[in-house]
Amino acid sequence: MEHQNTGARKKAMGGDAPPAAGDGPILASMAKIGIVPGKPFEMSKLDPAVQAALKDIPQSALKKIEDNKAALGGIIDGWVVTKGLGTYGPDSYMMRAVVAAFGWPANQQRDAVYPYTETDSRGQKLTGANKYTLTFAKDATPPVNGFWSITMYMIDQGWWFVPNPQNKFTVSLRDNPKFNADGSLTLYFQNESPGKDKEANWLPAPKGEFIPMLRMYWPKDESPARSYVGLAGQLDRLASLARDEQR
């Protein structure tokens, strides 16, 4: 029965859901080494020289994908602001690969944009060895018609949720965070609790490097760059004053 189910899945992938016509050239190239939709890839059947050439492909491919994370969009104040996700063609294979590796799936930009950053306001890599804040000025939270949240990812040959005792992987208005007396909102990104009175505003970080990703659903402007207007800026070390920049 399992074999039959597997066969049905392969038929669906290769028959009932055929590749887009525009992918014809790349499919023809892949077929030369036995990669064909709906059929198993059997590396052992390839010429030994070809097998040797492909041996390190998983590692080298992942490195190339990681080196091209900027393909997701443009950089604004240290944040990579996604652009053009969810609609792909033959000219966007690298973007599709990056999305598959780090953010699969992804909505079209009119439905959501996903700014993320790897550095703080000093241009240093974000790491759980430090403590950070991000402050939105009064009435300057991300401009959305739907809702926004920030998701924490640790970096380990991909982006993964961060296990933590609170089972808290995002921070948003759904957490009922406490606003400051002046109406601004400060969020905390660190490995240890900032204190019980601040935990609603806290996004637990790993001990190593991490990436916070802002998810803006139904942004007020479909242009990712303009949708970004209203963010408070880059993450600041807790030891320094959090900036209340309103753009």
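**Reading contacts, pockets and strands**

Modeller: Setting aside residues up to four places away in sequence, Tyr93 touches Gly22, Asp23 and Ile26. Please bear in mind that this is a predicted model.

Biologist: Which element holds Tyr93, and how far apart are Tyr93 and Asp23 in sequence and in space?

Modeller: Tyr93 is placed in helix H5. Tyr93 and Asp23 are separated by 70 residues in sequence, while their C-alpha atoms are 9.8 Å apart in space. The side chains of these two residues make a polar contact at 2.6 Å.

Biologist: Is Tyr93 buried, partly exposed or exposed?

Modeller: A relative accessible area under 20% is called buried and one over 50% exposed. Tyr93 has a relative accessibility of 30%, so this residue counts as partly exposed.

Biologist: How does one look for a pocket, and what is the volume of the largest pocket here?

Modeller: Rolling a probe the size of a water molecule over the atoms shows where empty space is left. In this model, the largest pocket has a volume of about 720 Å³. Its lining comprises 20 residues, and those closest to the centre are Ile26, Met30, Ile35, Ile57 and Ala97. Helix H2 (24–31), helix H4 (57–67) and helix H5 (93–103) are the elements that each give two or more residues to this lining.

Biologist: What classes of residue form the lining of the largest pocket?

Modeller: The lining has 17 nonpolar and 3 charged residues, with no polar ones. Ile26, one of the residues closest to the pocket centre, is also among the contacts of Tyr93.

Biologist: Let us turn to the strands. In what order do the strands of the open sheet lie?

Modeller: The open sheet has 4 strands in the order E10-E9-E5-E12, and its pairing is mixed. Strand E10 (202–204) and strand E12 (236–237) are the edge strands, each pairing on one side only. Within the sheet, strand E5 (residues 132–136) and strand E9 (residues 185–190) run antiparallel and are joined by 5 bridges. Phe136 has Leu185 in E9 as its bridge partner.

Biologist: How many residues of strand E11 are buried, and which strand is joined to E11 by 7 bridges?

Modeller: In strand E11 (residues 210–217), 7 of the 8 residues are buried, and the strand is mostly covered. Strand E6 (residues 148–155) runs antiparallel to E11 and is joined to it by 7 bridges. Thr151 has Met213 in E11 as its bridge partner. Strand E3 (residues 112–113) also pairs with E11 in the antiparallel sense, over 2 bridges, and Ala112 stands opposite Tyr217 in E11.

Biologist: Which residues are in contact with Ser172, apart from its neighbours within four places in sequence?

Modeller: With those neighbours left aside, Ser172 is in contact with Trp148, Ser149 and Pro177.

Conventions: Residues numbered from 1 in each chain as written. Predicted model: local features only at pLDDT ≥ 70, side-chain atom pairs only at ≥ 80, totals over all residues. Heavy atoms only, no water. 1 Å grid on protein atoms, 1.4 Å probe; cavity = no way out; pocket = protein on both sides within 12 Å on 5 of 7 lines; lining within 4 Å. Points joined across faces, edges and corners; volume = space filled by probe spheres on them. Nonpolar A, V, L, I, M, F, W, Y, C, P; charged D, E, K, R; others polar. Buried < 20%, exposed > 50% of the residue type's maximum accessible area, 1.4 Å probe, protein only. Contact = heavy atoms within 4.5 Å. Polar contact = N/O pair within 3.5 Å; in protein donor to acceptor, adjacent residues only side chain to side chain. Pairing = 2+ DSSP bridges.
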